[in-house]
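Subject: Handover of a structure

Dear colleague,

Please find the structure below, together with its sequence.

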Amino acid sequence: GVATPEIVRGLRLFNAYAPEFRAESERLEEENRALKDRLVDGIEGRRIVAHSAGMRQVLDRVQRVAPRKVTVVIRGESGTGKELVAKAIHVNSPREPHPFITVNCAALAENLLESELFGHEKGAFSDAASMRKGRFELANQGTIFLDEIGEIPLSTQVRLLRVLESGQVQRVGGQVPIRVDTRVIAATNRDLAEEVQAQRFRADLYYRLNVFHIPVPP
C-alpha cells in the first residue's frame, strides 16, 4: 500500500521520540522491579507491601506455611494487620479458590459464638426457627480465621478442640457429626502461653493451634 502523509509524519515522530520511549519503558520496568523487591517472592494477592526486616520475615513465614495444612497462630498488637496476614496465607495456599471465613471471637457472647462456629438445628434454642450452618461448614475446603482466639470461653474451647482432633463439627442441638475439611488460622493480641499458665486457655488446644507461629511487629 501507499504510505499516506499522516503515516509518514507518524513514523518520523516515532523515530524522533523512540529513545525517550525506550528510556521511559526501562524506567517503568526498574520501578516495577523495585516494588517487587519489597515483597517476598511468591506472595500473591499483594495487599501487604513490606519494607522493614520484621515484616519481610512475616511474609517469608507466610510463604513457607501457606502450602501446608497446619494450623497457624498469628500474634500481634491490635491494628497490626493480622487478618491481612491470614488472608495472604489463604490466597497463597491450594485452598485459595474456596471460602475465607472470618469470626471475631471477642464480639460474640458464649451462646452465640457456639452457634456461629458450629451451626444449630431447628429448635435447638428459643430463637432457632430454622437450621443454620456454622462457619466451619461454610469454610469447608477453605480457611476459617478465628480472630481474638484468646477471648473464647473454656466451654467453647472444648468443642473447638474436638473439631481440630476429629475434623467433624456437631451443630448445637444436633446429634450427627458433620465432617469438614477446614484450615484453621487464629489470631490474638495475648500471650497464649501465659493464658495457659493462668488457666484461662486450655493447654491441649494451645498446642493444637500453635503448630506454626507468626509474630507480627507493631
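Helix axes here are lines fitted to C-alpha atoms over the stretch in contact, and angles run from 0 to 180 degrees between N-to-C directions. Helices (H or I, at least four residues) and strands (E, at least two) are DSSP runs, numbered from the N terminus. This is a predicted model, in which local features need pLDDT of at least 70 and side-chain atom pairs count only at pLDDT 80 or more, while totals for chains, interfaces and linings use all residues. Residues are numbered from 1 along each chain as its sequence is written, and side-chain values use heavy atoms, with hydrogens and water left out.

**Helices α2 and α3**

The axes of α2 and α3 are 8 Å apart, and the two helices pack at an angle of about 35°. Where they meet, α2 contributes Val58, Val62 and Val65, and α3 contributes Val85, Ala88 and Ile89. Helix α2 (residues 53–65) also lies across β1, β8 and β9, and runs at about 155° to β9.

In α3 (residues 82–91), the residues Lys82, Val85, Ala86, Ala88, Ile89 and His90 are buried. Buried means under 20% relative accessible area, exposed over 50%, and partly exposed in between, with a 1.4 Å probe and protein chains only. These buried residues of α3 pack against α2, β1, β2, β5, β8 and β9.

**The sheet**

Five strands form an open sheet in the order β2-β5-β8-β1-β9, with parallel pairing. Two strands pair if DSSP finds at least two bridges between them. Because β2 and β9 stand at the edges with a single partner strand each, one side of each has no neighbour in the sheet. From one strand to the next, the twist averages 20°.

The pairs can be followed across the sheet. Strands β2 and β5 are parallel over 5 bridges; Phe100 is the bridge partner of Thr143 in β5, and Val103 is that of Leu146. Strands β5 and β8 are parallel over 4 bridges, with Ile144 partnered by Val184 in β8. Strand β1 (residues 72–75) is joined to β9 by 4 bridges, and the two run parallel; here Val72 has Phe212 as its partner in β9.

How many residues of β5 are buried? The number is 5 of the 5, so β5 is largely enclosed by the rest of the structure. Thr143, Phe145 and Asp147 point one way from β5, while Ile144 and Leu146 point the other way.

**Helix α6**

Helix α6 (residues 154–166) has 13 residues and reaches 19 Å from its first C-alpha to its last. This is close to the expected 18 Å, which is 1.5 Å times one less than the number of residues. Gly167 follows α6 and has a positive phi, near 70°.

Leu161 counts as buried because its relative accessibility is 6%. Not counting residues up to four places away in sequence, Leu161 touches Arg202, Asp204, Leu205 and Arg208, where contact means heavy atoms within 4.5 Å. The C-alpha atoms of Leu161 and Leu205 are separated by 5.6 Å, although the two are 44 residues apart along the chain. Arg159 also counts as buried, because its relative accessibility is 18%. Beyond its neighbours within four places in sequence, Arg159 is in contact with Glu114, Phe118, Gln170, Arg171 and Val172.

**The nonpolar cores**

A nonpolar core is a set of buried Ala, Val, Leu, Ile, Met, Phe, Trp, Tyr and Cys residues joined through side-chain atoms within 4.5 Å. The largest has 27 residues, of which Phe136, Leu146 and Ile149 touch the most other members. Helix α6 gives the most to this core, with 4 residues. A second, separate core has 21 residues, including Met55, Leu59, Val65 and Val72.

Yours sincerely
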